[in-house]
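Here is a short briefing to read alongside the sequence and the model.

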Amino acid sequence: MDRLYGASIFTKLDLQSGYWQVWITENDEHKTTCVMRYDSYEFLIMSFNLTNAPTTFCNFMNDVLYDFLNNFVVVYLYDIVVYSRGIKDHVIHLFRVLSILREYELYVKRKKYEFAKTEIMVVGYLIREGHVKTIMELRSILGLANYYRRFIEGYSKKTTYLSDLLKKNYRWEWWVDCQ
């Protein structure tokens, strides 16, 4: 996550059925054979339950996005983060990433992408310009503060804004009441 330092615009892409988009190398299909009751079955595409499927998929994604890694892309399995310092660069970076995904026929889930955001949640991290926070850190802070709730007047009202950050897909912005 240290690669994201200085970035202010983020896009999160989540690949559709990640492993299922990787073809087994021709003539290696026999290595995926499953014995059925009356026959056997060979996978033509990678199955999640195959040995080393996650490793193979990570290597595949690193190969596909190799030219962009640590410059403006971070990949974790099938989660891709495109990051940039400004919107003009971001449009160029996004075009390059989407072009390479098209070239390799990798598809993104329509419901799970976020384009050109100033704040995103990825693999348990809340990312925004200059900050990378984990949900575990937030829970830890709230847990410590919870210990002192008997001594803090209006505790639940004061921590509402932090507790809301634990909600899935919650978009939080700083405003007067947060202060």
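**Overview**

Of the 179 residues in the protein chain, 34% count as buried. Please keep in mind that this is a predicted model. The chain has four helices and nine strands, and from the N terminus on they follow the order β-β-β-α-β-β-α-β-β-β-β-α-α.

**Whole-chain figures**

- The protein chain exposes about 12800 Å², and carbon and sulfur atoms supply 53% of that area.
- Among contacts with a separation of 6 or more, 59% join residues 24 or more positions apart.

- Helix α2 covers residues 87-103, which makes 17 residues. From first C-alpha to last, α2 reaches 24 Å, close to the 24 Å expected at 1.5 Å a residue.
- H90, H93, L94, V97, I100 and L101 are the buried residues of α2. Seen down the axis of α2, these buried residues fall within an arc of 130°, so they line one face of the helix.
- On the other side of α2, you will find K88, V91, F95, R102 and E103 exposed.
- After α2 comes E105, which has a positive phi, near 55°.

**The nonpolar cores**

- As background, nonpolar side chains in soluble globular proteins tend to be buried together.
- The largest nonpolar core has 18 residues, and M61, L65, V73, I80 and V97 are the ones that touch the most other members.
- At least two residues of this core come from each of α1, β4 (73-76), β5 (79-84) and α2. Helix α2 gives the largest share, four residues.
- V73 touches L65, F68, I80, V81, V82, Y83 and V97, leaving aside residues up to four places away in sequence.
- There is also a second, separate core of eight residues, with L4, V81, V122 and I127 among them.

**A closer look at I80**

- I80 lies in strand β5, and with a relative accessible area of 0% this residue is buried.
- Leaving aside residues up to four places away in sequence, I80 touches T11, K12, L13, L15, M61, L65, V73, V74, V75 and L101.

**Aromatic pairs**

- Three aromatic pairs turn up in a search of the whole structure.
- One of the pairs joins F60 and Y104 in an edge-to-face arrangement, at 6.2 Å centre to centre and with 80° between the planes.
- F60 lies in helix α1 (residues 53-64) and Y104 in the loop between α2 and β6 (114-117), so the pair ties together parts that are 44 residues apart in sequence.
- Is Y104 buried, exposed or partly exposed? Y104 is partly exposed, because its relative accessible area of 37% falls between the limits of 20% and 50%.

**Helix α4, towards the end of the order**

- In helix α4 (residues 155-164), the residues Y155, T159, Y161 and D164 are buried.
- Helix α3 (135-147) is included in what covers the buried residues of α4.

Key:
Residues are numbered from 1 along each chain as its sequence is written. This is a predicted model: local features need pLDDT of at least 70, side-chain atom pairs count only at pLDDT 80 or more; totals for chains, interfaces and linings use all residues. Side-chain values use heavy atoms; hydrogens and water are left out. The expected span of a helix is 1.5 Å times one less than its number of residues. Buried means under 20% relative accessible area, exposed over 50%, partly exposed in between (1.4 Å probe, protein chains only). The arc is that of the directions from the helix axis to the C-beta atoms. Contact means heavy atoms within 4.5 Å. Accessible areas come from the Shrake-Rupley method with a 1.4 Å probe; for residues, only the protein chains shown count as cover. Rings of Phe, Tyr and Trp (its six-membered ring) pair if their centres lie within 6.5 Å; planes under 30 degrees apart count as stacked, over 60 as edge-to-face and the rest as tilted. A nonpolar core is a set of buried Ala, Val, Leu, Ile, Met, Phe, Trp, Tyr and Cys residues joined through side-chain atoms within 4.5 Å.
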